[in-house]
Amino acid sequence: MKIINLHSKEEKLIKACLKNDARAQYKLYDKYAPKMLGVCKMYVNDLHHAEDCLSKVFVKVFANLNKFEFAGSFEGWIRKICIRECIDFLRKKEFLAFNENYAEIEQEEIQVDFENLALAEYILNQLPKGYQTIFIMKEVEEYNHAEISKLLGISENTSRSQLWKAKKKIQELLLKTKANETANK
């Protein structure tokens, strides 16, 4: 039985990019840019700023491609660069602010269920940027609080409190949205 390396095309593409093959670089960009723009858009709501972040992401990808060790997912490697770039953008624009008041956090676990993607995007875009960023990192990207605290330069307790507050705010916004829909019927 012959074992086929399923990722040999991607590995060849990366190696061609390392040799500054412009066509390979375009193919790599073309393959990953749409997904990474979606990631940028989750963190940076404005499309123009998200596109700027995406451009910087691929500059960093090509500049650091020699550091990719072919261990793990290449898409995951790009995604990490993408998330860090978006966080840096938010910091520079001073959109990220975290309140370190833990007193109001209750012990109850808050569950958030969105009915559809459009509603999720609408609600998330109404959150303060700090809440939104931590919610996405924890609930979408599945980072743990230790990783979030390291990436954002905050304590784990701050990460936990911001997530709890984000979920509480999401619940309020969902109830308000549903009440408005019911009133408009």
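Let's start inside: select Gln 132, which sits in helix H6, residues 129–140. Keep in mind as you click around that this is a predicted model.

**Stop 1: Gln 132**

Is Gln 132 buried or exposed? Its relative accessibility is 2%, and buried means under 20%, so Gln 132 counts as buried.

**Stop 2: the whole protein**

Zoom out and switch to a cartoon view. How many helices and strands can you find? The protein has eight helices and zero strands. Walk along the sequence and the pattern reads α-α-α-α-α-α-α-α.

If you draw contacts between residues at least 6 apart in sequence, 71% of them join residues at least 24 apart.

**Stop 3**

Before you look at helix pairs, here is a handy way to talk about them. Two packed helices are described by the angle between their axes and the distance between the axes.

Select residues 8–18 for helix H1 and residues 22–43 for helix H2. Their axes come within 8 Å and cross at roughly 130°. That angle is why H1 counts as oblique to H2. The crossing of H1 past H2 is left-handed.

Show side chains to see who makes the contact. From H1, pick Glu 10, Leu 13, Ile 14, Ala 16 and Cys 17. From H2, pick Ala 24, Gln 25, Lys 27, Leu 28, Lys 31 and Tyr 32. Colour this set by type and you get seven nonpolar residues, one polar and three charged.

**Stop 4: H3 against H4**

Move along to helix H3, residues 47–63, and helix H4, residues 74–92. Here the axes come within 9 Å, and the crossing angle is roughly 130°. That makes H3 oblique to H4. Which hand does the crossing of H3 past H4 have? This one is right-handed.

On the H3 side, the contact uses His 49, Cys 53, Lys 56, Val 57, Lys 60 and Val 61. On the H4 side, look for Trp 77, Ile 78, Ile 81, Cys 82, Glu 85, Cys 86, Asp 88 and Phe 89. By type, the contact of H3 with H4 divides into nine nonpolar residues, one polar and four charged.

**Stop 5**

One bit of background for the last picks: most residues other than glycine have a negative phi.

Stay around H3 and H4 and select Phe 70, in the loop between them. Phe 70 is not a glycine, yet its phi is positive, at about 60°. With 36% relative accessibility, Phe 70 counts as partly exposed.

Then head back to H6, where the tour began with Gln 132. Where is Glu 142? Glu 142 lies in the loop between H6 and helix H7, which covers 145–152. Glu 142 also has a positive phi, about 65°, without being a glycine. Its relative accessibility is 67%, so Glu 142 counts as exposed.

Conventions:
Residues numbered from 1 in each chain as written. Predicted model: local features only at pLDDT ≥ 70, side-chain atom pairs only at ≥ 80, totals over all residues. Heavy atoms only, no water. Helix = DSSP H or I, 4+ residues; strand = E, 2+ residues; numbered from the N terminus. Contact = heavy atoms within 4.5 Å. Axes fitted to C-alpha atoms, helices over the stretch in contact; angles between N-to-C directions. Parallel < 35°, antiparallel > 145°, perpendicular 65-115°, else oblique. Left-handed = near helix turned anticlockwise from the far one by under 90°. Nonpolar A, V, L, I, M, F, W, Y, C, P; charged D, E, K, R; others polar. Buried < 20%, exposed > 50% of the residue type's maximum accessible area, 1.4 Å probe, protein only.
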